[in-house]
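Subject: Structure for you to look at

Hi,

Here is the structure I promised to pass on. Have a look at it first, and then read my notes below.

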Amino acid sequence: MSNVRPIGLRETHRGAVRAIQSALADLSDAYLLQAQVDGMFGARTATAVETFQRDYGLYADGFVGKQTMTQLDTIFSGGVVRTPSGMSLHVGVNKLNPAHYGDEVAVLASCVNDAKAMQRMAENLGYSGSVLADEDATVVNVAAAIRAATEALFTGDAFLLSFSGHGSQIPNSGADDEPDGMDETLCLYDRMLVDDELHLLLGEFRAGVRVFLVFDSCHSATAAKAKDQITIGRKAIKDVRVKDLDSSFKQLEVALATVPVTRQEVGSDEVPAARSAEPLTDEQLSKAFADELDPDELRPTEPAELSVQSKDIIQLFADLEADAAHAPGKLLQPWETPYKGANRAVYDSVRNLVGLKEMTVVEAKVASFAACLDAQTTLAGSVLSEFTSHLVTVWGNGDYAGDGEQLIARLKQLGSQNGAIPTLMTYGAGGSAVAYERPFVI
């Protein structure tokens with residue numbers, strides 16, 4: 001390409017414009033679609049050029065000058081081959097700050113293990129990941145980690161966020177339409193992260209970045225915010241279909257059976273006996289995922305019957321099936337909710353700060369895999385929580401080759417002890433297409 005003068009709005013040299021458009025469309029459909037290559041340098045092309053310039057650290061003015069042309073020439077001459085990269089964040093919260101949540105909230109055993117299991121899965125896929133657990137899993141730390149990813153990732157890159165812990169709801173007071181009148185929350189250590197806040201963080205990702213969310217918590221279907229929600233009451237619902245709302249927000253169909261799917265054991269027709277409620281150590285968890293855990297390491301000298309429970313833990317990792325049948329739920333009971341007293345002012349202030357920005361359009365492609373519907377709860381476990389255990393089981397050693405829709409269908413097949421229905425939702429321009437791709441891959 002030559003560069004005699006900057007090429008910009010209302011450029012008359014249609015051949016030059018078409019060449020620029022074709023180059024951007026070849027790089028990423030987040031810039032332009034091939035169908036939009038028409039030789040006309042309008043506002044759409046200017047926006048595509050500006051986005052490309054930001055992604056490659058150039059001065060973003062929407063005009064194709066010497067620097068931009070040189071960058072395009074270098075890319076297509078083979079001088080620059082940018083390999084997509086991935087960053088991940090895995091949050092596990094077994095215990096909450098009693099100063100904020102009170103002393104009655106159940107301490108869970110499996111959530112930190114869930115975060116570590118998801119980190120291993122992400123690392124095997126090539127992500128650079130980190131774990132925030134318990135006291136470190138604060139709103140400030142989680143938000144800072146997500147914002148670091150929004151700064152570092154560009155078109156074609158991927159971000160994976162997993163959360164395991166308590167989930168809750170608080171009354172919705174914003175401009176968004178919440179049919180059940182509730183905002184969904186993730187219970188971080190110091191306070192709840194409201195769906196409005198998480199949605200706003202997702203809005204900071206650049207166009208073309210793929211974001212994968214995994215929520216193993218109660219009320220999690222729209223924990224990343226939505227203009228509409230899937231709800232289920234006491235009445236049996238045979239089929240719920242949520243249609244596309246607009247080009248920037250799409251939600252997949254969710255089929256609900258009249259009777260909750262019966263839990264299907266992986267590799268076994270029998271329901272396992274109760275297992276120890278003690279979480280594994282980091283070393284034991286690592287060995288378990290590597291199939292190196294020696295039963296003698298977990299077998300206590302007394303009482304003798306506990307050795308059977310220890311063997312059950314080994315069996316759990318043989319099929320990666322968590323003991324959810326005897327595990328506590330991740331629901332904050334009404335009398336435990338921190339949305340009361342002085343804390344209520346905290347959450348009202350947070351949502352006032354978010355304000356109308358809660359309607360921010362997400363430009364990234366987002367796929368959210370949640371353990372249950374907004375009106376449902378999910379279960380913790382002895383070692384892994386039920387949903388995370390099922391997800392790791394289906395994923396296996398990375399040999400899962402299906403797309404997102406097939407993954408959520410498989411998770412529904414595995415069922416849940418309390419009837420929780422796993423849910424897949426997509427956000428962002430072109431986000432629905434991510435559901436038909438192999439999930440989590442960079």
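**What I found**

E197 counts as buried, at 12% relative accessibility (buried means under 20% relative accessible area, exposed over 50%, and partly exposed in between, with a 1.4 Å probe and protein chains only). Its salt-bridge partner is R191, with the closest N and O atoms 2.9 Å apart. R191 is buried too, with a relative accessible area of 14%.

Before I go on, a word on the ground rules. This is a predicted model, where local features need pLDDT of at least 70 and side-chain atom pairs count only at pLDDT 80 or more, while totals for chains, interfaces and linings use all residues. Residues are numbered from 1 along each chain as its sequence is written, and side-chain values use heavy atoms, with hydrogens and water left out.

**Salt bridges**

The count comes to 6 salt bridges, a salt bridge being a side-chain nitrogen of Lys or Arg within 4 Å of a carboxyl oxygen of Asp or Glu. One of them joins E135 to K95, with 3.2 Å between the closest N and O atoms. This pair links distant parts of the chain, 40 residues apart: E135 sits in the loop between β2 (128-133) and α6 (139-152), and K95 in the loop between β1 (86-92) and α4 (98-101). Helices (H or I, at least four residues) and strands (E, at least two) are DSSP runs, numbered from the N terminus. E135 is partly exposed at 40% relative accessible area, and K95 is partly exposed at 34%.

E204 and R147 also meet in a salt bridge, at 3.2 Å from N to O. Here the partners are 57 residues apart, with E204 in the loop between α7 (195-202) and β7 (210-216) and R147 in helix α6.

**A buried strand**

Strand β5 (residues 182-187) has 5 of its 6 residues buried, so it is largely enclosed by the rest of the structure. Strand β4 (residues 167-171) pairs with β5 in the antiparallel sense over 5 bridges (two strands pair if DSSP finds at least two bridges between them). Q169 stands opposite E184 in β5. Strand β6 (residues 192-194) also runs antiparallel to β5, joined by 3 bridges, and L186 has L193 of β6 as its bridge partner. A hairpin of 4 residues connects β5 to β6.

**Aromatic rings**

There are 7 aromatic pairs in the structure. Rings of Phe, Tyr and Trp (its six-membered ring) pair if their centres lie within 6.5 Å; planes under 30 degrees apart count as stacked, over 60 as edge-to-face and the rest as tilted. Among the pairs, Y31 and F52 are edge-to-face, 5.9 Å centre to centre with 80° between the planes. Y31 is in the loop between α1 (14-27) and α2 (43-55), and F52 is in helix α2, 21 residues apart. Y31 counts as buried at 8% relative accessibility, as does F52 at 0%.

The rings of F369 and F440 have centres 5.3 Å apart and planes at 55°, so this pair is tilted. F369 lies in strand β9 (residues 365-370) and F440 in the segment after α14 (431-434), so the pair ties together parts 71 residues apart in sequence. Both F369 and F440 are buried. Ring pairs link F212, F369, W395, Y400 and F440 into a cluster.

Happy browsing!
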